[in-house]
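Student: Could you walk me through this one, starting with the loops?

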Amino acid sequence: MNEPALDDDPHNLEPVHSGDSVPSGELWTLRLVMFLRVMAGVSILKGLYHWSQVIGIMIPAGEGFETHSIAWQSATVFFAVIDLVAAVGLWLAAAWGAVIWLTSVVSMIALDIFFPQVFQGGVLFDLVEFAALVVYLWF
């Protein structure tokens, strides 16, 4: 009754077949992870840009962080933090990273639509972020 199975031998391993195609589920996972990593790079750049605004890197004299409105300062600090946190989560392909990234993208688009006086412009970048959001939701 208790006959050993043929596959119980740990020394009986299947050889690796390098010519085999990748199953479609794994291919989509690979594409998703690559997309998340690209978006992580974009989020890092956005976060560093916002931090450069806060600390005054490459800012003309008289246009420092303290000279802007409270709304601009609050939004800049918010995006400086949330974009870098999203970048870490996206790079790790963690579920929370995608949620933080979606929050960041939707917040930026909503801010530019409903409060255009805060950042004054950026419609082109909003369209790019919206396109990235559509691509993510397509996956």
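Tutor: Helices here are DSSP runs (H or I, at least four residues; strands are E, at least two), numbered from the N terminus. This is a predicted model, where local features need pLDDT of at least 70, side-chain atom pairs count only at pLDDT 80 or more, and totals for chains, interfaces and linings use all residues. Residues are numbered from 1 along each chain as its sequence is written, and side-chain values use heavy atoms, with hydrogens and water left out.

Student: OK, where does M58 sit?

Tutor: M58 belongs to the loop that lies between α1 and α2.

Student: And what is its phi?

Tutor: The phi of M58 is near 55°, which is a positive value in a residue other than glycine.

Student: Is M58 buried or exposed?

Tutor: M58 is exposed, since its relative accessible area is 80%, where exposed means over 50%, buried under 20% and partly exposed in between (1.4 Å probe, protein chains only).

Student: Which loop holds A93, then?

Tutor: A93 is found in the loop between α2 and α3, and although A93 is not a glycine, its phi is positive, at about 55°. With a relative accessible area of 35%, A93 is partly exposed.

Student: Switching topic, which residues of α3 and α5 meet?

Tutor: From α3, A98, W101, L102, V105, V106, M108, I109 and D112 meet D126, E129, F130, A132, L133 and Y136 of α5, contact being heavy atoms within 4.5 Å.

Student: How many of those are nonpolar, polar or charged?

Tutor: The contact of α3 with α5 has eleven nonpolar, no polar and three charged residues; Ala, Val, Leu, Ile, Met, Phe, Trp, Tyr, Cys and Pro count as nonpolar, Asp, Glu, Lys and Arg as charged, and the others, Gly among them, as polar.
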